[in-house]
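The following explanation accompanies a protein structure and is intended for a reader who meets it here for the first time. Please view the structure before reading on.

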Amino acid sequence: STDGGRNLSLDSILMGLPMSDPTAWATAMNNLGMAPMGMTGQPLLPDFDPALGMMTGIPPINPMMPGLGIVPPPIPPDMPAVKEIIHCKSCTLFPPNPHLPPPATRERPPGCKTVFVGGLPENGTEQIIMEVFEQCGEVIAIRKSKKNFCHIRFAEEFMVDKALYLSGYRIRLGSSTDKKDTGRLHVDFAQARDDLYEWECRQRMLAREERHRRRLAEERFRPPSPPPVVHYSDHECSVVAEKLKDDTKFSEAIQTLLTWIERGEVNRRTANNFYSMIQSANSHIRRLVNEKAAHEKEMEEAKEKFKLALSGILVQFEQIVAVYHSASKQKAWDHFTKAQRKNISVWCKQAEEIRNIHNDELMGIRREEEMEMSDEEIEDPSEMKETEESALVSQVEALKEENDSLRWQLDAYRNEVELLKQEQGKATRDEDTTKEQQLKLLQQALQGMQK
């Protein structure tokens, strides 16, 4: 759009200016690579689908193209586009010299919908300006100056590109050659506050939509928040009590029960209900223990199955290694080539390494099983300690009782000895010595029993 019509896109130059000579207009549209349009804005080719050309980027078929080829020969970029004469109802537009450089344009403002049109004829009216530029698109407003220029605001931005196509055209009102009825159009981008405001509003709206899309994407990957716990009531208490008895809803119900207790819902009136719910939670332990036992059984079965499979694999590895060893013996080894011997040696080494790895793994499993069995045979040290302590306590009590009985026997013997001494005071010395010896022996025996 900045070079006066050389590099115009297809969707920005679909002009349908009415004219008196359809063939000339078709030639002009063909030179621009556009679908030819008639005076009423209808395409000259009724079977042409403009959406197809726009979607695929393929220039449409037109009657001026030689043959039926869809893709025309490429036009060199330095070749200027040939502009044709445009006939309007009350004026005629003559194209500029194709060898002249394209008219200069300023930098395009963001969201530009307004163009500056200079070089208008002195006798040009708003009606003539509207007649020329309304075919570029819907005109919102025309602000004409007393001098030979005006500003035109379009409804959409792409209409500005169509208007810039007319830059450089010479305009003549009717068939008059008067200087006041002629002029050279200069169309350029114009900076308008309304255009900038609308563009900024649209950018803010796009930014809001982008933030909204990003927020939705983040929420899609964010884990859902847990549902709020209902407040305690007798009805909700009965519902939670039923859920506690259901294995599938136990986790949800136990969380609700925990929240209620932490909130302080337990009081004298509700204590019995809470006790029954806690009792239900306690009875759930039995099911969990059974479930753990079932899982342990499955794990043991899987271990056994894996051990059997590993044993079978190890047997086959042993057979393969035996084949390599047999092939390495002199009787068969001499008949192989050097490359074959090298491969057999490498294979044998790899097979032995893999076999050793599997063998170590199997031996490790067996050692673990033996250690588990030995651990089961050995009693729990805490239980052993308790049994030993209880045995020591009982043994100490028995020894105390025995010591007491021996002390009483010793006192009785001493009393007897005193009585014997008093009764047999005149006994012989030998008898006394024998009695003393007997008494000493008896005392020693009692001391031994005490110890």
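The model is predicted, with a mean pLDDT of 78 for the protein, and 76% of its residues reach 70 or more. Two stretches call for caution. Residues 1–22 have a pLDDT below 50, and this stretch has 60 contacts in the model beyond near neighbours in sequence. Residues 36–79 likewise have a pLDDT below 50, here with 44 contacts beyond near neighbours in sequence. Where pLDDT is low, the predicted coordinates should not be read in detail.

Attention may now turn to the interior. In soluble globular proteins, nonpolar side chains tend to be buried together. The largest nonpolar core in this model contains 31 residues, of which Val 115, Val 117, Phe 133, Ile 152, Phe 154 and Leu 166 touch the most other members. At least two residues of this core are supplied by each of the strands β2 (91–94), β3 (114–118), β4 (139–144), β5 (149–154), β6 (170–173) and β8 (186–189), and by each of the helices α3 (126–133) and α4 (158–164). Another core, of 12 residues, lies apart from it; Cys 237, Leu 244, Leu 257 and Met 277 are among them.

Leaving aside residues up to four places away in sequence, Glu 131 touches Cys 88, Lys 89 and Ser 90.

Definitions and conventions: Residues numbered from 1 in each chain as written. Predicted model: local features only at pLDDT ≥ 70, side-chain atom pairs only at ≥ 80, totals over all residues. Heavy atoms only, no water. Core = buried A, V, L, I, M, F, W, Y, C linked by side-chain atoms within 4.5 Å. Buried < 20%, exposed > 50% of the residue type's maximum accessible area, 1.4 Å probe, protein only. Helix = DSSP H or I, 4+ residues; strand = E, 2+ residues; numbered from the N terminus. Contact = heavy atoms within 4.5 Å. pLDDT = per-residue confidence, 0-100.
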